[in-house]
Amino acid sequence: MGLDFTVIPKYIDIILLGCLWTIAITVAAALLSFFGGIFFAVIALYAPAVIRLPFRLFEWIFMGTPLLLQLFLIYFGLVQIGVDLPAFVAGVIGLGLHFAVYNSELIQTAILSVDKGQMEAARTVGLSRGQALRKVIVPQAVRAVIPPIGNNMIALLKDSALVSVIGVSELTLSAQRAIGASYRPFEFYILAAAFYYVINLGMEWVQRKIERRIALSR
Amino acid sequence: MTDHSNFVQVRHAQKSFGTLEVLKDISLTVERGQIVAIIGPSGSGKSTLLRAINDLDPLTRGEVWLDGVQVNKSLPFRQYEKHINEMRQKIGMVFQHFNLFPHMTARENVTMAPKMLKGLSNQQADALANEQLDKVGMLERIDYYPSQLSGGQKQRVAIARALAMEPKLMLFDEATSALDPELVDEVNQVMKKLAEEHMTMIIVTHEMDFAASVCDRVLFMDQGVVVEEGPPEVVFKNPEKDRTRAFLRKHLEGAK
Ligand SMILES: Nc1ncnc2c1ncn2[C@@H]1O[C@H](COP(=O)(O)OP(=O)(O)O)[C@@H](O)[C@H]1O
Ligand SMILES: [Mg+2]
């Protein structure tokens, strides 16, 4: 049986819907990972030990274990302790926290490399340390790591395929469903790959926009 | 009923970094409206003294007073933080490397702290930015980012940022040392203007001519002590101490 791309239109609805879910979960998880990353970075650097040490453990769990396992834990495991999350929410939390930890690593390094004179200038006009971090240090640190955070977000997009295993009808699962009905794996996997590529391009476009916008303010 | 003497007082300031004693029992008085220049070789402790005044480098021993209030008084941590943040609002500081906030425009650099700490409305903040940036001749660049400004322009914005908190005292730590020679004058002009408005200032500088032209008193520091102090005519033209003379001679040669 050769290749036959003419089967695609029949199932295009499922695939497009899958695309939308992939975009939705990626955007939501990206936002969570961005703001979560900032929050985690500040905790890792400045929180008192009682908060920082448990946080380390949490960080280790997210960095040292497979994302797939984390998704299972959040979706199937938490039910046992009474936390029954919809698959989409579980997926966003899993992906978002996982990448928040990676973003946090970047932001921590960036915070530590902001010129010392910035904190001094902020304190000199009367800002507290917390105010200085919020208004002066963190915004500069985040600007400095927009490119590597962008790379993390591309990785997040690709890893979003993993949430298919907890039943979110995103692009990969949609492709599998179309294959199940049509017995055309090559055609639909290629199609899904093409859509991932397009979403990827869209994300790179957004990243370039952001970089251009902050170019002067660095 | 303001006491015009002893507006700023540093009493027996001693500062060590580890085993290195950088300030050795320095005392200094600046009256309201006075301008004091601090000169001396690199490493003599000028910056440390200036930074002790607003507690950026806390003294090991000694006291700093501003207008009847002790800046570095001993308080429990939280109370001290509150106290020092309030004191610092009254003490403007200008750094050699400007330390402007690069992610903020000139306007935002000037208004950020007043908005945050004094609760200015956007309208009030804009009026303040206009006023302060106009004073330093930077009004046309009000919405420029630091990356779009020359060194001299950056330093003028940094001065406007300090002035926006309406400080009682301004500290300048080699404000023109990092500038290309042709940009020094525009910053000096701004400082002269402040002098005419009777701003109390302590100026660490390597520019003897400028110091002589604006200041009421000169302190010559070397190795953590004040070697000599007096009116500029005396210290620059007729120094008493050999160390002062040697420093000035060397400096004059260096300038050629
Ligand atoms: N944070 C610091 N830690 C250790 N030593 C320092 C620190 N700041 C300054 N010093 C030392 O203190 C001395 C005086 O420095 P400084 O006050 O900057 O001198 P100046 O401004 O007159 O050039 C120098 O020997 C310098 O190396
Ligand atoms: Mg210095």
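Which strands of chain B does helix H1 (residues 46–53) lie across? In this model, H1(B) lies across strand S3 (35–39), S6, S7, S8 and strand S9 (217–222), and runs at about 155° to S7(B). Helices here are DSSP runs of H or I with at least four residues, strands are E runs with at least two, and both are numbered from the N terminus. The angles run from 0 to 180 degrees between N-to-C directions, with axes fitted as lines to C-alpha atoms, for helices over the stretch in contact; contact itself means heavy atoms within 4.5 Å.

A few ground rules before we go on. The model is predicted, with local features needing pLDDT of at least 70 and side-chain atom pairs counting only at pLDDT 80 or more, while totals for chains, interfaces and linings use all residues. Residues are numbered from 1 along each chain as its sequence is written, chains are lettered from A and ligands numbered from 1 in the order in which they are written, and side-chain values use heavy atoms, leaving out hydrogens and water.

Back to the sheet in chain B. Six strands make up an open sheet with mixed pairing, in the order S6-S7-S8-S3-S9-S10; two strands pair if DSSP finds at least two bridges between them. At the edges sit strand S6 (91–94) and strand S10 (225–230), each pairing on one side only. From one strand to the next, the twist averages 15°. S7 (residues 169–173) and S8 (residues 200–204) of chain B run parallel and are joined by five bridges, and B:Leu171 stands opposite B:Ile202 in S8(B). Another helix, H6 (residues 181–196) of chain B, lies across S3, S7 and S8, at about 145° to S8(B).

Have a look at B:Met201, also in S8(B). B:Met201 is buried, with a relative accessible area of 0%; buried means under 20%, exposed over 50% and partly exposed in between, using a 1.4 Å probe and protein chains only. Among the residues that B:Met201 touches, leaving aside those up to four places away in sequence, are B:Ile35, B:Val36, B:Phe172 and B:Met191. Its C-alpha atom is 8.5 Å from that of B:Val30, although 171 residues separate the two along the chain.

Now for helix H4 (residues 122–135) of chain B. Five residues of H4(B) are buried: B:Ala125, B:Leu128, B:Ala129, B:Gln132 and B:Leu133. They cover an arc of only 115° around the axis, so they sit on the same side of H4(B); the arc is taken from the directions from the helix axis to the C-beta atoms. The buried residues of H4(B) pack against helix H3 (106–118) and helix H5 (151–163) of chain B. Just after H4(B), B:Gly137 has a positive phi of about 70°.

Chain A has nine helices and zero strands. Of its 218 residues, 48% are buried. The largest nonpolar core has 93 residues, of which A:Phe188 and B:Ile202 touch the most other members; such a core is a set of buried Ala, Val, Leu, Ile, Met, Phe, Trp, Tyr and Cys residues joined through side-chain atoms within 4.5 Å. Its largest share, nine residues, comes from helix H1 (residues 8–46) of chain A.
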